[in-house]
Amino acid sequence: MSEPGFYAVIPAGGVGSRLWPLSRADAPKFLQDLTGSGQSLLRDTFDRLAPLVGEDRIMVVTGRAHRAAVEAQLPALRDRNVVLEADPRDSTVAICLAAAILERREPGVIIGSFAADHIIGDLASFRAAVTEAVAAAASGRIVTIGIEPTEPAIGFGYLRVGELLGVEGAPTARAVEAFVEKPDRDTAAAYLASGDYLWNASMFIAKASVLLEELGRSRPALLAQLLELAAAWDDPALRGPTVDRIWPKLEKIAIDYAVAEPAAAAGRMATVPGRFSWDDVGDFAALAKLNSGGRKNDLAILGEHARVLSDSSSGIVVSQSGRVISVIGVKDIVVVDTPDALLVTTTEHAQRVKAVVDALKISGSDVI
């Protein structure tokens with residue numbers, strides 16, 4: 001059953017550089033099937049949200065280069081609900097522009113932002129958490145769904161939670177006292193033991209007007225630019241010239257820094273604990289775990305026509321080249337073999353793949 005007055009926004013951007021060379025600028029991870037489900041992460045996200053809001057109330061914010069692929073994968077997506085970014089400007093612009101457009105179309109609307117490339121299990125628990133978050137957002141708070149941690153993960157940010165808020169319709173909603181950056185292993189273990197921390201899944205639910213008001217407190221110039229864009233967005237004659245004039249000036253900043261952290265510091269942020277499995281598939285270590293069912297001693301193999309021989313090995317092999325790959329006596333290995341690039345590392349160093357992509361950008365390489 002859908003939530004009345006609620007609109008879902010899917011920011012579908014980013015390259016997923018820690019998954020290079022599997023994920024590329026022209027084939028980002030949200031357009032790929034990383035779980036063996038037979039459809040992309042984007043399509044999984046759309047299908048997960050449709051029962052909550054209805055297919056007509058889902059907006060996707062993506063780059064111009066990905067429009068054709070997005071529309072091919074989501075045939076039910078309405079044309080007016082495709083928001084194309086001239087070039088990437090990070091999550092604040094993506095989410096708050098959508099909020100400004102939807103607030104003009106439907107004053108008082110509550111929006112929820114859900115990344116296109118996350119993997120979620122137990123959909124009933126997910127929908128229950130979103131329903132509570134919508135109720136908490138109706139009270140005027142910005143709400144995030146925090147994930148109850150199952151291990152001392154160092155690849156995620158954390159939320160430090162406070163007291164129960166007693167919001168009608170949201171019995172588990174708690175105050176967010178602070179956002180915490182990715183910790184080291186010992187700190188993450190302390191967070192887990194304390195019971196006072198949740199993983200930050202960057203799912204934000206709020207009245208569009210409240211979200212924009214909070215942005216205006218920390219970034220008034222950016223808010224003014226987004227409101228001007230939104231005012232022109234539904235007028236075909238005005239949109240193009242307005243985008244050309246304003247877009248290059250937009251500040252690149254994550255919504256955690258521009259909105260969520262200031263709101264938490266001021267006591268205007270809440271969280272609903274999510275009791276479902278969640279992963280943002282941030283690197284090949286996560287992908288290996290996901291595709292081996294969490295069994296550390298197994299070797300996960302991805303690729304429609306993968307030809308992999310293994311003996312006493314664990315980790316992950318991704319094959320897109322058709323070559324035979326033999327992996328013998330190595331633990332926690334990462335091998336990603338594509339027609340024009342080969343990556344070999346370990347799950348321990350999976351987070352460092354982004355540095356390779358940064359170096360390739362500096363060198364002017366065309367394999368990113």
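Modeller: On a 1 Å grid over the protein atoms alone, a cavity is a set of points where a 1.4 Å probe fits but cannot get out, with lining residues having an atom within 4 Å of a point. This is a predicted model, in which local features need pLDDT of at least 70 and side-chain atom pairs count only at pLDDT 80 or more, while totals for chains, interfaces and linings use all residues. Residues are numbered from 1 along each chain as its sequence is written, and side-chain values use heavy atoms, without hydrogens or water.

Biologist: How many cavities of 30 Å³ or more does that rule give, and what lines the largest cavity?

Modeller: The count comes to two, and the largest cavity holds about 40 Å³ of space, a volume being the space filled by probe spheres set on grid points that are joined across faces, edges and corners. Its lining consists of Thr45, Arg48, Leu49, Phe114, Ala115, His118, Ile120, Phe126 and Met203, and helix α1 (residues 41-53) gives the largest share, three residues.

Biologist: What makes the lining residues of the second largest cavity nonpolar, polar or charged?

Modeller: Ala, Val, Leu, Ile, Met, Phe, Trp, Tyr, Cys and Pro count as nonpolar, Asp, Glu, Lys and Arg as charged, and the others, Gly among them, as polar. The second largest cavity, of about 30 Å³, is lined by Ile95, Ile111, Gly112, Ser113, Phe204, Ile205, Ala206 and Leu211, which divide into six nonpolar, two polar and no charged. Strands β4 (110-113) and β9 (197-207) each give two or more residues to this lining, strands (E, at least two residues) and helices (H or I, at least four) being DSSP runs numbered from the N terminus.

Biologist: Why is α7 called roughly antiparallel to α8?

Modeller: The axes of α7 (residues 220-233) and α8 (residues 236-246) come within 8 Å and cross at roughly 160 degrees, where axes are lines fitted to C-alpha atoms over the stretch in contact and angles run from 0 to 180 degrees between N-to-C directions. Angles over 145 degrees count as roughly antiparallel (under 35 as roughly parallel, 65 to 115 as roughly perpendicular, the rest as oblique), and α7 is therefore roughly antiparallel to α8.

Biologist: Which residues make the contact between α7 and α8?

Modeller: With contact meaning heavy atoms within 4.5 Å, Gln225, Glu228, Leu229, Ala232 and Trp233 of α7 meet Leu238, Arg239, Thr242, Val243, Arg245 and Ile246 of α8. By class, these residues divide into six nonpolar, two polar and three charged.

Notes: On a 1 Å grid over the protein atoms alone, a cavity is a set of points where a 1.4 Å probe fits but cannot get out, and a pocket is an open set with protein on both sides within 12 Å along at least five of seven lines; lining residues have an atom within 4 Å of a point.
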